[in-house]
Amino acid sequence: MTATTATSPVSRWLPYGAPEGRPRLYCLPHAGGSASAFRAWAGRVGPVAVCPLQPPGRETRLGEAPHTRMETLVDQLAEVVLGDAGDEPYAVYGHSLGALVGFELLREIRRRGGRDPVRLIVSGSPAPQWDDDVERPSVATMDDAQVVEMLRVIGGTPDWLLADPAVLRMILPPFRADFAVRESYHYRPAPPLTVPVTALAATADARVPVHSVADWREQTVHGFTSHTLEGGHFAVLEQPSATQAFLRQALGV
């Protein structure tokens, strides 16, 4: 594992330091989300070192410009993950937008000839090649009131936060930037990963049907496992004990 300084890219992406444990599990949040979504998981996934990743533009990186394109995001992430993991085994977990970011991160690591993770774990996201043909308005065309209503429908953000103008000034810019990443993203076919994949779906996720999550099996030649939780889009965060049990199973710990 590579030592970091307080101003290094690795330390900015890992706001809670570099925990001990094996393997390292790099956690990528949903659109508008932050590293704090996974902070409580530390010490609850067996011997795994839970490493929440903090994208720019939020919380500890509030003053930094958020990414708006997948290519620049995964380019920086590949440097951070490979630099931090060193020779240690690692895995990648992403929820919703974080799942697609994790997938493209692994493809970027492959392009660089970097060492593969032991597993990719995804939740709350259709497989990248999946197209539901549903026309949805672009977040870029929405005013703030429409974005707030969208957040209410998706869930995961308390109403008291959505009613606070000061809070909205902080959370709307990274949410818009993350949706710019998502809406500008175009899946490009390539050989499947040589990394096993675990995919988590939710029974009442209106935006992500269970069968769309099952299609992640097409993205690997090294084993696929799927699990389903009762609940909506944020079931994995609302039911941490169940999610952590699936993570321990996926990582064999």
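This is a predicted model: local features need pLDDT of at least 70, side-chain atom pairs count only at pLDDT 80 or more; totals for chains, interfaces and linings use all residues.
User: Hello! What makes these spaces cavities rather than pockets?

Analyst: A space is called a cavity because a 1.4 Å probe fits inside but cannot get out, whereas a pocket is open. The largest cavity has a volume of about 130 Å³, and the second largest cavity holds about 40 Å³.

User: Which residues line the largest cavity?

Analyst: There are 15 lining residues, and the closest to the centre of the largest cavity are Pro55, Leu73, Leu97, Val101 and Asp178. Two elements, α2 and α3, each give two or more residues to this lining. The most comes from α3, with three residues.

User: How do you know which class each residue of that lining belongs to?

Analyst: The class follows from the residue type: Leu, Val and Pro, for example, count as nonpolar, while Asp counts as charged. Sorted this way, the lining of the largest cavity has ten nonpolar, three polar and two charged residues.

User: And what lines the second largest cavity?

Analyst: Its lining includes His95, Ser123, Gly124, Leu200, Ala201, Ala202 and Asp205. Strand β5 (197-202) and helix α8 (235-238) each give two or more residues to the lining of the second largest cavity. The largest share, three residues, is from β5. By class, this lining divides into six nonpolar, five polar and one charged.

User: What is the volume of the second largest pocket, and which residues are closest to its centre?

Analyst: The second largest pocket has a volume of about 260 Å³. Of its 15 lining residues, Glu71, Glu104, Arg111, His186 and Arg188 are the closest to the centre. Helices α2 (70-85) and α3 (97-112) each give two or more residues to the lining of this pocket. The class count is five nonpolar, two polar and eight charged residues.

User: Let's turn to methionine 70. Why is it called buried?

Analyst: Buried means under 20% relative accessible area. Methionine 70 has 5% relative accessibility, so this residue counts as buried. Methionine 70 is found in helix α2.

User: What is methionine 70 in contact with, and what makes a contact?

Analyst: A contact means heavy atoms within 4.5 Å. Leaving aside neighbours within four places in sequence, methionine 70 is in contact with Leu100, Val101, Glu104, Val181 and Tyr185. As for proline 165, methionine 70 is 95 residues from it in sequence and 29 Å from it in space, C-alpha to C-alpha.

User: How do you know whether cysteine 27 and cysteine 51 are buried or exposed?

Analyst: Set their values against the cut-off: buried is under 20% relative accessible area, and exposed is over 50%. Cysteine 27 is at 0% relative accessibility, so it counts as buried. Cysteine 51 is at 1%, so this residue counts as buried too.

Technical notes
Residues are numbered from 1 along each chain as its sequence is written. Side-chain values use heavy atoms; hydrogens and water are left out. Buried means under 20% relative accessible area, exposed over 50%, partly exposed in between (1.4 Å probe, protein chains only). On a 1 Å grid over the protein atoms alone, a cavity is a set of points where a 1.4 Å probe fits but cannot get out, and a pocket is an open set with protein on both sides within 12 Å along at least five of seven lines; lining residues have an atom within 4 Å of a point. Grid points are joined across faces, edges and corners, and a volume is the space filled by probe spheres set on the points. Helices (H or I, at least four residues) and strands (E, at least two) are DSSP runs, numbered from the N terminus.
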